[in-house]
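Hi everyone, thanks for making time this morning.

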Amino acid sequence: MAPTTLTAARAGFPGALAHEWIKFHSVRSTVWTTLATAVVPVLGAVFVAATESLQPDDTVLGGSLTASIPAQMLAAVVGALLITGEYGSGTVRTTFAANPRRATVLSAKAALVAALMYVLALISCTLAYLIGDAMLDNGRYAQGEPLPALFGIAASFAVAGLLGLAVGTLVRHSAGAVTTVIGVLLLPSLLGPLFGDAQRWIAGVSPTSALEKLIQTSDATAETVGSLGPWPSLLLVAGCTGAVLVIAAGALRGRDV
């Protein structure tokens, strides 16, 4: 092994994280998708407030964050692109040559996407709520409870990003990973009612379902997103995502690039 490779390997997690950050902001697709993730909730809040296109039983929080659902899907896409882009360009070989510890590389990617999505979502969704609160008639709609919900909303974005990363690691192809992760986000809510009493677990296992409960939208009925509460749903989603990430880490270590 060359001296430079030994140095990179010994750098461990901090060096891998710094390397991932450099790669992240040098790739246009991930940068633009990340920017879209941050901008979409704000634009959605302006549109909903300007048109007052809310249900009578909706909340200011839920209406303001209507566009946070597609934004969360974009967060998952960012996570997938973080690794599938390297497989597509072939630079993943260079990454693993510089740092043979694949678990460390994946951990660095996970830390980066989770932290980035959490911070961006917290800022973006808070701003969206403040815009909606300022533009909507407070006497016409219930306010909702923004705290501590906004912290959970940001966490759901981080979880979606990690799910995208796990799926991207397993699929290794951008189009396939994006299609798969969006399907994973949407299908539990669509298929949940088919499973009878197990619906509350099936429908509640999607980050999108947890998000809809956290933003307190009137669309978050038990029939569509399960009957678990918002925080139990978020914990369930985080646990399932962690399990998928562990499986992805095992697959990454056990197969050729």
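Let's start with helix H6 and helix H7, residues 146-171, whose axes come within 8 Å and cross at roughly 145°. Keep in mind, please, that this is a predicted model. The H6 and H7 crossing is right-handed. If you follow H6 along this contact, you'll pass Leu 106, Lys 109, Ala 110, Val 113, Ala 114, Met 117, Tyr 118, Ala 121, Leu 122, Cys 125, Thr 126 and Tyr 129. On the H7 side, the residues they meet include Pro 146, Leu 150, Phe 151, Ala 154, Ala 158, Gly 161, Leu 165 and Thr 169. Sorted by class, the contact between H6 and H7 has 20 nonpolar, 3 polar and 1 charged residues.

Now stay with H6, please, which spans residues 102-135, and look for its other partner here, helix H12, residues 230-254. What angle do the axes of H6 and H12 make where they cross? It is roughly 140°, and the axes come within 9 Å. Angles over 145 degrees would count as roughly antiparallel, so H6 is described as oblique to H12. This crossing of H6 and H12 is right-handed. From H6, the contact takes Arg 102, Ala 103, Leu 106 and Ala 110, and from H12 it takes Leu 245, Ala 248, Ala 249, Leu 252 and Arg 253. That gives 7 nonpolar and 2 charged residues, with no polar ones.

Next, over to H4. H4 packs against helix H10, residues 207-214, at an angle of about 145°, with the two axes 10 Å apart. H4 passes H10 in a right-handed crossing. Ser 68, Ile 69 and Gln 72 of H4 touch Pro 207, Thr 208, Leu 211 and Glu 212 of H10. By class, that contact has 3 nonpolar, 3 polar and 1 charged residues.

Helix H1, 3-24, and helix H4, 68-89, are the elements that give two or more residues to the lining. H4 gives the most, with 5 residues. The lining as a whole has 4 nonpolar, 5 polar and 4 charged residues.

That's my tour, and I'm happy to go back to any of these views.

How values were computed. Residues numbered from 1 in each chain as written. Predicted model: local features only at pLDDT ≥ 70, side-chain atom pairs only at ≥ 80, totals over all residues. Heavy atoms only, no water. Axes fitted to C-alpha atoms, helices over the stretch in contact; angles between N-to-C directions. Helix = DSSP H or I, 4+ residues; strand = E, 2+ residues; numbered from the N terminus. Parallel < 35°, antiparallel > 145°, perpendicular 65-115°, else oblique. Left-handed = near helix turned anticlockwise from the far one by under 90°. Contact = heavy atoms within 4.5 Å. Nonpolar A, V, L, I, M, F, W, Y, C, P; charged D, E, K, R; others polar.
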